[in-house]
Amino acid sequence: MKKIIVSITLISLLYSCKKEEKTAEITSKNNETASIKINFNLPPVYLDSLKSEKEILNHLQQRKKEIIKLLENSSSPEENDLIYENYRKENDSALVLLEGKQAGLLEKFYEFYDYNPETEKSILKIPESEKETVRSYGQSGIEFWDIGEAITELRMFPDFYSKIFNGKLTPDYQRYLGFVSEENKVLFVSDASISIPWSDVAKRVLARESFLNDFPASKLDKKVQGELQEYRAAYLLGYDNTPTQNDGGGFTAENLKEFQRFLKENPKSETSAIIKTMLAMPKDRYEMYRFVNHKLGLPYEE
């Protein structure tokens with residue numbers, strides 16, 4: 001009888017120990033998860049302006065590794081959306097600091113482009129004295145971006161974020177990041193002129209119309225709405241040095257042909273409805289400008 005009691009006691013103790021170990025393991029995992037989630041909600045990491053250029057570049061490289069690690073441990077695409085938003089804010093702030101430290105180089109960077117009149121193209125030829133600087137920035141995901149009119153800015157490479165966050169975001173953020181990364185590979189406007197074909201401007205309009213139709217409750221709604229109206233205005237009216245209308249108030253042959261193509265291929269687009277009204281209007285540049293801006297809810301001078 002004593003042997004039976006002893007056996008039962010031992011079994012009970014073993015079970016109790018196993019239960020305690022399991023509880024401790026669960027508690028540990030819960031604490032670890034809680035710690036990770038706290039990291040997800042941390043605000044962007046902004047650097048002090050007194051940091052040296054080298055310190056900022058080293059921070060950017062290290063921070064990228066940390067972000068990739070966060071994404072590996074995240075529990076949902078929604079958390080990844082937050083990481084993406086905060087990470088962009090961090091980098092945008094760091095770029096401002098770096099532009100201040102490289103103001104001299106940025107001011108003269110346009111001089112490094114060698115223009116060939118036969119091909120009408122410019123080739124970037126960086127002097128040996130500046131190659132190491134440009135290389136070190138590239139290692140941190142930064143490029144010197146010529147935006148025309150002898151102006152150069154710093155920005156993250158067009159595919160910088162898409163490479164890090166591909167497949168990690170909610171469907172709406174993933175869609176948005178996809179078409180924006182592609183669009184940013186080329187310069188849209190320079191010297192008050194649209195730099196891409198009109199059909200490509202139309203693609204930007206349609207990408208945003210499609211996004212808003214597919215994701216009506218997206219957190220990106222306001223941002224995409226704003227971009228849509230800006231691209232619509234550019235597509236319908238052009239810019240100062242690339243207007244869609246001639247001096248007589250009628251549409252240029254190129255733009256008229258483009259509008260007709262758009263109407264045929266996208267009959268249900270809201271932009272098509274605006275184009276139809278424009279084509280029926282009298283040839284008056286001011287009235288066309290006033291109509292389009294009023295229709296899009298954009299400011300204009302009376």
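**A cavity and its lining**

Me: Which residues line the largest cavity?
Reply: This is a predicted model: local features need pLDDT of at least 70, side-chain atom pairs count only at pLDDT 80 or more, and totals for chains, interfaces and linings use all residues. Numbering starts from 1 along each chain as its sequence is written, and side-chain values use heavy atoms, without hydrogens or water. A cavity is a set of points, on a 1 Å grid over the protein atoms alone, where a 1.4 Å probe fits but cannot get out; lining residues have an atom within 4 Å of a point. The lining is Val-45, Tyr-46, Leu-47, His-59, Leu-60, Glu-90, Asn-91, Ser-93 and Ala-94.

Me: How much space lies in the largest cavity?
Reply: The count comes to 1 cavity of 30 Å³ or more. Volume here is the space filled by probe spheres set on points joined across faces, edges and corners. For the largest cavity, that is about 40 Å³.

Me: Which helix gives the most to the lining of the largest cavity?
Reply: Helices are DSSP runs of H or I, at least four residues, numbered from the N terminus. Helix 2 (53–73) and helix 3 (77–101) each supply at least two lining residues. The top giver, with 4 residues, is helix 3.

Me: How many residues of this lining are charged?
Reply: Asp, Glu, Lys and Arg count as charged. The lining holds 5 nonpolar and 3 polar residues. The charged count is 1.

Me: What share of the protein's residues is buried?
Reply: Buried means under 20% relative accessible area, with a 1.4 Å probe and protein chains only. The protein has 302 residues. The buried share is 38%.

Methods. Buried means under 20% relative accessible area, exposed over 50%, partly exposed in between (1.4 Å probe, protein chains only). On a 1 Å grid over the protein atoms alone, a cavity is a set of points where a 1.4 Å probe fits but cannot get out, and a pocket is an open set with protein on both sides within 12 Å along at least five of seven lines; lining residues have an atom within 4 Å of a point.
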